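I open this notebook to keep track of what I look up, step by step, and to write each finding down in plain words.

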Amino acid sequence: MPIITLTTDLGLKDFNVSSIKGAIYKNQPDATIVDISHDVPKFNIMQAAFILRNAYRHFPKNSIHIIGVLPDEAEDKPHIAIYHQEQYFIGADNGVFSLLFDETPEKIIELNISSALEDDFVRPTRDVFVKAACHIARGGTLEVLGKNVSSINERSIFRAVTNETSIRGTVIYIDNFGNAVTNITELLFKEVRRGRPFTISFRVPGYDIHEISSRYNDVPTSERLALFGSSDFLEIAINIGNASELLGLNINDIVTVSFHK
Amino acid sequence: MPIITLTTDLGLKDFNVSSIKGAIYKNQPDATIVDISHDVPKFNIMQAAFILRNAYRHFPKNSIHIIGVLPDEAEDKPHIAIYHQEQYFIGADNGVFSLLFDETPEKIIELNISSALEDDFVRPTRDVFVKAACHIARGGTLEVLGKNVSSINERSIFRAVTNETSIRGTVIYIDNFGNAVTNITELLFKEVRRGRPFTISFRVPGYDIHEISSRYNDVPTSERLALFGSSDFLEIAINIGNASELLGLNINDIVTVSFHK
Amino acid sequence: MPIITLTTDLGLKDFNVSSIKGAIYKNQPDATIVDISHDVPKFNIMQAAFILRNAYRHFPKNSIHIIGVLPDEAEDKPHIAIYHQEQYFIGADNGVFSLLFDETPEKIIELNISSALEDDFVRPTRDVFVKAACHIARGGTLEVLGKNVSSINERSIFRAVTNETSIRGTVIYIDNFGNAVTNITELLFKEVRRGRPFTISFRVPGYDIHEISSRYNDVPTSERLALFGSSDFLEIAINIGNASELLGLNINDIVTVSFHK
């Protein structure tokens with residue numbers, strides 16, 4: 001029962017997501033389909049990548065992840081399939097994959113499945129990606145799907161900027177609870193910190209944070225905190241409260257960590 | 001693993017959709033359930049029909065489609081099961097089926113499953129339609145479920161009106177991307193056009209469109225276009241933009257195609 | 001194919017729900033996962049209990065229901081698994097279970113699965129509850145998961161108050177159609193009524209209701225009615241209309257039934 005997941009910006013109201021599922025079952029009746037999210041903000045490959053990168057590592061080996069955000073093929077954005085960390089990923093090489101992985105993927109194949117007249121916001125996913133996914137689900141090899149290539153399109157991610165005494169990051173995601181997730185990873189934080197005390201500051205003066213909590217309720221209800229959450233990125237949160245609304249934190253807001261002697 | 005799909009206006013927050021799924025698994029443990037949509041506007045059989053008609057053809061043969069919008073039985077709205085184009089459809093004959101198919105369905109059965117005290121917005125679906133669907137899913141025949149009838153309730157659909165030099169259609173659906181889908185099919189368009197040049201006009205003066213695009217990005221970003229999308233109906237769209245919002249297009253708005261010599 | 005259901009306040013946009021599903025498939029590849037709801041109002045165990053109590057009885061025997069609302073463990077809120085009415089329930093004993101059942105559950109186990117550093121709004125669900133659910137799904141016994149306890153945390157539910165001549169209830173849920181569901185059960189209503197005529201009144205003067213309908217369309221379109229709906233609680237509704245909006249009915253509003261001689 002191979003698992004095929006879907007990450008799209010198609011929403012759940014229309015017929016598009018269900019037509020993709022119909023197409024999968026037509027090709028591969030015993031597939032298990034899992035929705036990662038269909039509420040990715042429209043055309044937003046950065047948020048699609050963020051959502052999927054935090055979900056895929058919880059899936060079984062050999063799960064197949066279809067990314068249906070900006071799935072159009074273009075000369076500089078070929079359709080590709082990737083094998084990386086014992087999982088498969090299929091989508092248009094529009095930059096989403098460089099945001100999904102921190103390193104070059106182990107195997108990259110440029111798909112030779114024709115999609116000449118198929119380019120719109122759903123057809124490449126439904127017709128091309130599904131065909132590739134079902135081939136893999138049946139145990140087929142990536143090599144049959146196209147030719148090996150050695151790299152993917154890089155997209156300048158807003159990576160956190162560091163120097164000797166600080167990390168300057170940005171908010172890249174607001175989750176359902178209003179937690180503001182930054183692009184500062186726990187690994188980066190530890191590397192730069194080297195045991196020093198620190199101050200985390202953001203747009204609201206007087207609301208600096210001086211420690212990392214290990215759980216939301218380490219602080220009283222309605223109190224602000226910073227922690228490395230289920231995404232492994234630094235997030236600014238409020239215990240049983242909506243940090244985005246209450247602190248006015250939005251996507252692209254700057255979050256600075258200053259380290260002291 | 002027979003597929004049973006659900007098209008309802010029940011929403012996903014409440015317990016209704018999951019209670020229907022529980023009832024299916026109770027009857028047929030190895031069913032594969034697919035949500036077509038649960039966000040059909042309330043009581044709107046026209047939108048339910050539009051969504052399902054564009055989804056069902058992507059499903060495997062013998063898929064069973066339950067329509068849970070206005071599922072109440074009445075003397076003039078019996079519960080029926082239909083076999084058409086190698087698929088099954090179950091619902092109340094409230095007019096939704098005449099909007100779902102362009103021709104009389106191949107086989108129509110009036111269900112004899114009692115639902116005397118069962119009429120509200122969810123019980124007929126959960127108790128009657130699920131029972132019929134699971135009977136079919138187990139390989140049972142339609143004839144066991146009731147008596148053959150020869151026709152379904154017709155409902156005057158807002159069909160596009162044509163004459164020698166024009167087609168006058170209406171917007172029948174706004175999708176998740178804000179594309180405005182009309183009731184003008186590609187077939188009708190070709191039949192009336194006969195190769196002539198044309199002008200597509202709608203409520204916003206000065207925004208006429210003179211050609212059919214084959215893909216959204218045939219025009220520059222933020223530019224308007226017309227195409228036959230994944231629904232095979234003429235739609236007015238904006239490349240990487242929301243046509244409904246930006247052009248003020250809404251359900252029931254008139255879209256006219258005028259053909260020139 | 002054991003069924004595992006999910007009731008959470010995590011929403012469907014983020015990666016949290018799909019990461020829970022990935023974790024289930026990793027533990028138990030042939031599980032059937034059913035979403036009860038992920039749109040429970042945040043941290044609202046009362047609404048979570050209401051939704052699940054109306055859904056679970058439609059599920060097959062031995063279905064396993066995970067409750068992922070306020071899943072944090074605390075000394076006075078241990079993680080527990082329950083067997084009751086031939087079904088399994090797993091969650092934090094934060095009071096949600098006393099709202100879910102009307103009587104003490106048949107079997108209660110305090111889970112001994114460690115979650116020391118795992119407490120936030122998703123990890124206990126994904127790591128602890130999934131582990132317990134998959135153990136049960138594989139046919140494992142509850143006793144292996146921890147020690148028997150004899151009671152659950154009681155939470156003062158807003159139970160309807162009765163005397164000889166009246167029942168005073170409150171609105172506890174507004175469903176997708178705007179029906180206002182009260183905490184007055186059909187059983188309680190019958191017990192107190194003893195065949196007498198009655199008046200149902202609520203915040204809008206002049207809109208009293210004097211009978212119980214058996215279906216929404218017992219009254220004309222747009223007319224108010226009272227009935228025992230699919231939840232078996234008294235609800236105030238409008239036939240093909242939104243009672244909450246049109247009558248201004250909200251959660252916690254008082255609904256009184258007065259019985260006459």
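This is a predicted model: local features need pLDDT of at least 70, side-chain atom pairs count only at pLDDT 80 or more; totals for chains, interfaces and linings use all residues.

**Entry 1: one chain by itself.** For 261 residues, a compact globule would have a radius of gyration near 18 Å, and chain A, with 20 Å, agrees with that.

**Entry 2: how the copies are related.** I repeated the search for the next pair, and chain C can be laid on chain B by a turn of 120° and a shift of 0.0 Å along the axis, with an RMSD of 0.0 Å. Within chain C, the residue that comes closest to the rotation axis is Thr32(C), whose C-alpha lies at 5.4 Å.

**Entry 3: where chain B meets chain A.** I counted the residues in contact and find 34 in chain B and 29 in chain A. Together the two chains bury about 2600 Å², and carbon and sulfur atoms account for 60% of it. Between chain B and chain A I find zero salt bridges, while the count of residue pairs in polar contact is 13, with both residues at pLDDT 80 or more. On the side of chain B that touches chain A, strand E2 (32-37), helix H2 (45-55) and strand E9 (166-174) of chain B each supply at least two residues. I sorted the residues of that side of chain B by kind, and they divide into 16 nonpolar, 13 polar and five charged.

Why do I say that the copies meet through different surfaces? I say it because only 3% of the interface residues of chain B are also interface residues in chain A.

**Entry 4: where chain C meets chain B.** This contact takes 34 residues from chain C and 29 residues from chain B. The area buried between chain C and chain B is about 2600 Å², with 60% of it given by carbon and sulfur atoms. Across this interface I find zero salt bridges, and 12 residue pairs are in polar contact, both residues being at pLDDT 80 or more. The side of chain C that touches chain B has at least two residues from each of strand E2 (32-37), helix H2 (45-55) and strand E9 (166-174) of chain C. The residues of that side of chain C divide into 16 nonpolar, 13 polar and five charged. Only 3% of the interface residues of chain C are also interface residues in chain B, so here too the copies meet through different surfaces.

**Entry 5: salt bridges.** A search of the whole structure gives 30 salt bridges over all chains. I looked up Lys107(B), which forms a salt bridge with Glu143(B), their closest N and O atoms being 3.2 Å apart. The pair links distant parts of the chain, 36 residues apart: Lys107(B) is in strand E6 (residues 107-111) of chain B, and Glu143(B) is in the loop between helix H4 (123-137) and strand E7 (146-149) of chain B.

Definitions and conventions
Residues are numbered from 1 along each chain as its sequence is written. Chains are lettered from A and ligands numbered from 1 in the order in which they are written. Side-chain values use heavy atoms; hydrogens and water are left out. Contact means heavy atoms within 4.5 Å. Buried area is the accessible area (1.4 Å probe) that two parts lose on being put together, summed over both. A salt bridge is a side-chain nitrogen of Lys or Arg within 4 Å of a carboxyl oxygen of Asp or Glu. A polar contact is a pair of N or O atoms within 3.5 Å; within protein, one must be able to donate a hydrogen and the other to accept it, and residues adjacent in sequence count only if both atoms are side-chain atoms. Helices (H or I, at least four residues) and strands (E, at least two) are DSSP runs, numbered from the N terminus. Ala, Val, Leu, Ile, Met, Phe, Trp, Tyr, Cys and Pro count as nonpolar, Asp, Glu, Lys and Arg as charged, and the others, Gly among them, as polar. The radius of gyration is taken over C-alpha atoms; the globule rule is 2.2 Å times the number of residues to the power 0.38. Copies are superposed by least squares on the C-alpha atoms of residues with pLDDT of at least 70 in both.
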